[in-house]
There are 2 protein chains.
Amino acid sequence: MTGERQLIKKIKDWTAGPVGAGATGAGAGNMIGDDCAVLPGQRLVSSDMLVEDRHFSLAYTDFESLGWKSCAVNLSDIAAMAGRPRYLTLCLSLPSYISEGDLQSFYQGFNQCAREHGAEVVGGDLSGGDKFVIAVTVIGEAHEKGLLKRSGAQVGDIVLATGNFGASALGLKLLQAGQNDQATIKMDRGKLALTAHRRPLPRLCEAFALVRQIGSRGALMDASDGLADALFQISEASAVSMKVNVEQIPIDPDMRALALALDLDPVRLALYGGEDYELVACADSGSIDFLEAHFPFVPIGRVVAQDEPGKPTVELVSFEGADSGNQAFVDLSNCYQHFW
Amino acid sequence: MTGERQLIKKIKDWTAGPVGAGATGAGAGNMIGDDCAVLPGQRLVSSDMLVEDRHFSLAYTDFESLGWKSCAVNLSDIAAMAGRPRYLTLCLSLPSYISEGDLQSFYQGFNQCAREHGAEVVGGDLSGGDKFVIAVTVIGEAHEKGLLKRSGAQVGDIVLATGNFGASALGLKLLQAGQNDQATIKMDRGKLALTAHRRPLPRLCEAFALVRQIGSRGALMDASDGLADALFQISEASAVSMKVNVEQIPIDPDMRALALALDLDPVRLALYGGEDYELVACADSGSIDFLEAHFPFVPIGRVVAQDEPGKPTVELVSFEGADSGNQAFVDLSNCYQHFW
């Protein structure tokens, strides 16, 4: 992870241009900084590449779900800045073992996800290849009420999150353990985890509700690499630290029970599992009553000043441990995966 | 080729949306039809994927040239509609045998090509992978004087082309035959062919000159899959046929001599070799004097009515063979490659 981030910083230098170039975040914009590059005219663009056996396995993914997810994770990059996705391009490298029927299922899943969220496929490319490789670019527009970035958190803000953390990682663990549909479909808990992993929902509606309430005064990103990573990225970009109450992290009771039944720590899955595509936001405390009352953002902590400037920390606190004197911080080396 | 085109037509169906969607060419727009999809606001977008050992070989391509070419072929898609390229995203799948130095050379070549043509890298993604895979998206704007498409040719138009056809295919043949830099650098003819293959120039300047003169009244595309393919694609999209004089096809005298020395037919290389990224246009005959006088478009034929509606043909004529009674037509099954 550290090596990858250092490499991306170098790429930013290698692609740097003359002062005054049009796009903010120019020079590998969406590789570092925010989830999308911001172009003039408040347009947003982001690109992702997904590689077989690195980001997904055809052994336990059906093509329609893979198509859906390939679209959803890109729409989530637009949601992460509270934007509206509009257009998608889709390039595929196709190994010979992918049939036309597989491809049709893939496109149907992709297209369904796009249409359901107001976007359309406008172009792309096909190539042969040894592995199935999926490259998606999404073009969107900033919301008319504003643009939310990772760098907008301020000391005193409340930290908020949507959703159900850890479910996707739990679904992946079930799949990797060979507990496929046949075994788990009967078990509602397992089905929920599988669906969370295979067909994540981009949190566009939640992002729009947030930006309508708070405009550009706040911070936002998606938790694609895990909640811990998102909290840390916002802290770093905003030059703040955070205190997060682990008991307030939204984890579905069924997911908690399933994790415990599998001898897994549900809080670790939530913090470090990744691929949940939930949103993490920071907003002025005056907005909290409205945000809590109207849609599923829950407060999970607060933004504090950095003890040492330039050294963001995310402290984990709990009611139980509040008086124990033991301090715990998120540690990104615990992340299970940094795939998508 | 036919199989690929049929598949792309199916993809267009699979990704079709409700009537009234915003983008023209929606549903896999730039996969079929024009080189770019046209978005509202006269914006253009196109995506390409390049796969190691399918579109290029690291055995005879240096990373800086590969970076340049990966950018150039995408800028050429914008030139093919006379647009102005603005923003690029670049996703890479990186096998372990690619060093940081290789990657730096690649980005430098890519960035140099982008900057020299008024575009900038704004985002992208990195992934591991077994092969080097390059996915590029370019976003541009239509020229203020108009947008030229494949479908704009009319009976009576003159067919025009820029450049030097067959040089890229000749360069590839030299490389495949193991005649690398050391052997060919001393030979200017070989060097020209290698440069044409490794560092093609997107014909943006030529496209702007054309659109300033003719506006939207005409047809344009790039000849990335060979001159024969471009002539056929324009004919099909415009519901016309063409007669092309093979003696007027622009082929550099040195390239002609080099091809003959290698026992290759220079006209076949020009028609079917591909990867030249020259432009092919159709324009009203009234514009020809200006176009010929001011920049390197040369007339190579004329647009005629289809003998049988729905059956475009491209007839090859020559002064020598004009009275022989033997009709020759371009045959796309002769294409050497349909890579980029």
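At what angle do the axes of helix H4 and helix H9 of chain B cross?

1. The model is predicted, so local features need pLDDT of at least 70 and side-chain atom pairs count only at pLDDT 80 or more, while totals for chains, interfaces and linings use all residues. Residues are numbered from 1 along each chain as its sequence is written, chains are lettered from A and ligands numbered from 1 in the order in which they are written, and side-chain values use heavy atoms, with hydrogens and water left out.

2. Chain A has an open sheet of seven strands, ordered S7-S9-S6-S10-S8-S11-S12, with mixed pairing. Its edges are S7 (218–222) and S12 (328–329) of chain A; each has a single partner strand, so one side of each lacks a neighbour in the sheet. Strands (E, at least two residues) and helices (H or I, at least four) are DSSP runs numbered from the N terminus, and two strands pair if DSSP finds at least two bridges between them.

3. Within that sheet, S6 (residues 158–162) and S9 (residues 279–283) of chain A are antiparallel and share four bridges. Ala161(A) is placed opposite Val280(A) of S9(A). Helix H8 (residues 227–238) of chain A lies across S6, S7, S8 (241–245), S9, S10 (297–304) and S11 (314–317) of chain A, at about 145° to S7(A). Such angles, from 0 to 180 degrees, are taken between N-to-C directions of axes, which are lines fitted to C-alpha atoms, for helices over the stretch in contact.

4. In chain B, seven strands make an open sheet in the order S7-S9-S6-S10-S8-S11-S12, again with mixed pairing. S7(B) and S9 (residues 279–283) of chain B run antiparallel and are joined by five bridges. Opposite Ala219(B) stands Cys282(B) in S9(B). Helix H7 (residues 204–214) of chain B packs on this sheet, touching S6 (158–162), S7, S9 and S10 (297–304) of chain B, and its direction makes about 10° with that of S9(B). Contact means heavy atoms within 4.5 Å.

5. As for the opening question, the axes of H4 (residues 167–176) and H9 (residues 253–261) of chain B cross at roughly 40° and come within 10 Å. H4(B) and H9(B) are therefore oblique to each other; angles under 35 degrees count as roughly parallel, over 145 as roughly antiparallel, 65 to 115 as roughly perpendicular and the rest as oblique. Ala167(B), Leu170(B) and Leu174(B) of H4(B) make the contact with Met255(B), Leu258(B) and Ala259(B) of H9(B).
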